[in-house]
Structures are given as C-alpha cells and as structure tokens.
Amino acid sequence: MTTPGPTTLQAQWAEGPRRARHRSLLRDRLRLLDTSIIPLAERSRDARRTEGIINLVIGAGVFGLGFAYSALSDTSGVSPTQALLWVQGGYTALTGAVQLLWVPARERLSEQYALQPRRTPHDRRLRVRFGEQALEDMASDGRRRRVLGALAGVGFSLASLGIIYRDQIFDGQAWPEPPAFNYLVIGLVGLSMVANLIPVFSASPEERLRDAYRREVRMLREAQDD
C-alpha cells in the first residue's frame, strides 16, 4: 500500500478549507437569491394589476369626457380639445391594458425559481444557477420596458403638441394670443418629454436588484479571501 507523500497530504489539507468556503458561498448565494427573487411575484402582480385597472378606468373616463365635450360644444367637427381628450384617454387606457396583459419577467421567473428543488447539493447548485440567470433575464426585461415606456411617453407628448397646434402646423393659421400662452404650453410639453426620457438613463428596479446581488456576492467572496 502506497503512503501519501507530503505534497499529496498538503494538497488534501488545502482542499478541505476550499470546499468548505465553496459550500458556504453557495449557501449565501442561495439565501440572497431566495430573499431577493421569491417575494417578487406576488408583490409585482398586485401592484401591476392595481395600476393597470386604475389606468383603464381613468382612460375610459377621459375618453368619455371627449364625447361629453363634443355634445356640449357648438363647434362642428372635432375640436383640438376633443381630440386631445380622446388621445389622452386612449393613451392612458392602452397603458393600463399593456400593464395587465404584458406580464413582466420578474413575475414569471420568480415563480419558476420558487419551484426549483433544493434537497441535494446538486439541486442547490442548479437552483443558484437558475436564479442568477433569472436575475439577468429580469434585468434585460426591465431595461426593455423602461426604454419602450420612455419612447411611448415622448411620442404622446409630441402628439399632444401636434393636436394643440394642428391648425398652425397644417393650415398656417396665426398662433394663439397672447404669446405667453404658447411659451407655457411648449415649455410644459418640453418638460414632460424630459421627464419621460429620464428612465432611459436610469436603471430599472430589476437592474438595481441584479446589481445589488452582484455587490453582495462580491463582498462575500472578498470576505472569504481575507
């Protein structure tokens, strides 16, 4: 029987602490993923449905105001005010419908993550791998949503400006008096466009969640290396 040499024994002694650190880091990553991902589904679903229903109700109400204005107005055809009410109501209702129908990745993936087994070490490794990929997919979905939402908001602001000044833009009519009114309207629309563009340059909640997880894991690794 061959007796292990000093080099082999040293390697075995060093392997034990490394395996222990690896198991400890895996448990910490699993704990972080559980606390970060599992509560997302229910919290996100409740907020999304509530906001979607509210937007549908407000949109329908504003759209109805457009018809009421048409019935009470003496002008023939569609007035700029009526068109603006219809566009505002349609945009708000469409936003609510999208919120209700377009299920975000954070809800779907968090539910799938919660169902991942964790009985054996192999199951736990697969669960961590699935959770970390889920965070990446959630961040990508959040980035896509914030960009599309910003572009839709900018488009609505431009459409509103076009409706308000459609006679001036398309028919060459004189601008409303006093000029200060025009400056105020254009300034408010400009501020609305800037506010809609802010999400393009800021991280979504899903991206912040992924980045926070990365920071925590990096700190855990650095603490184990010390």
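**View 1. Helices α3 and α5 pack side by side in contact.** The axes of α3 and α5 come within 9 Å and cross at roughly 165°; axes are lines fitted to C-alpha atoms, for helices over the stretch in contact, and angles run from 0 to 180 degrees between N-to-C directions. Because angles over 145 degrees count as roughly antiparallel, α3 is roughly antiparallel to α5. The crossing is right-handed, that is, the near helix is turned clockwise from the far one by less than a right angle. On the α3 side the contact (heavy atoms within 4.5 Å) is made by P80, A83, L84, V87, Q88 and Y91. A152, G153, F156, S160, I163 and I164 make it on the α5 side. Nine of these residues are nonpolar, three are polar and none is charged; Ala, Val, Leu, Ile, Met, Phe, Trp, Tyr, Cys and Pro count as nonpolar, Asp, Glu, Lys and Arg as charged, and the others, Gly among them, as polar.

The model is predicted: local features need pLDDT of at least 70 and side-chain atom pairs pLDDT 80 or more, while totals for chains, interfaces and linings use all residues. Residues are numbered from 1 along each chain as its sequence is written, and side-chain values use heavy atoms, without hydrogens and water.

**View 2. T92 lies in helix α3, residues 80–101.** T92 has 10% relative accessibility and therefore counts as buried (under 20% relative accessible area, 1.4 Å probe, protein chains only). Leaving aside residues up to four places away in sequence, T92 touches N55, I58 and G59.

**View 3. The largest nonpolar core has 15 residues.** Such a core is a set of buried Ala, Val, Leu, Ile, Met, Phe, Trp, Tyr and Cys residues joined through side-chain atoms within 4.5 Å. L33, I37, L135, M138 and Y213 have the most contacts inside this core. Two or more residues each come from α1 (6–37), α4 (105–114), α5 (121–164) and α8 (205–225). The largest share, five residues, is that of α1.

**View 4. Y213 touches R29, L32, L33, E132 and L135.** This list does not count residues up to four places away in sequence.

**View 5. The whole chain has eight helices and zero strands.** Helices (H or I, at least four residues) and strands (E, at least two) are DSSP runs, numbered from the N terminus. Of the 226 residues, 28% count as buried.

Methods: Buried < 20%, exposed > 50% of the residue type's maximum accessible area, 1.4 Å probe, protein only. Parallel < 35°, antiparallel > 145°, perpendicular 65-115°, else oblique.
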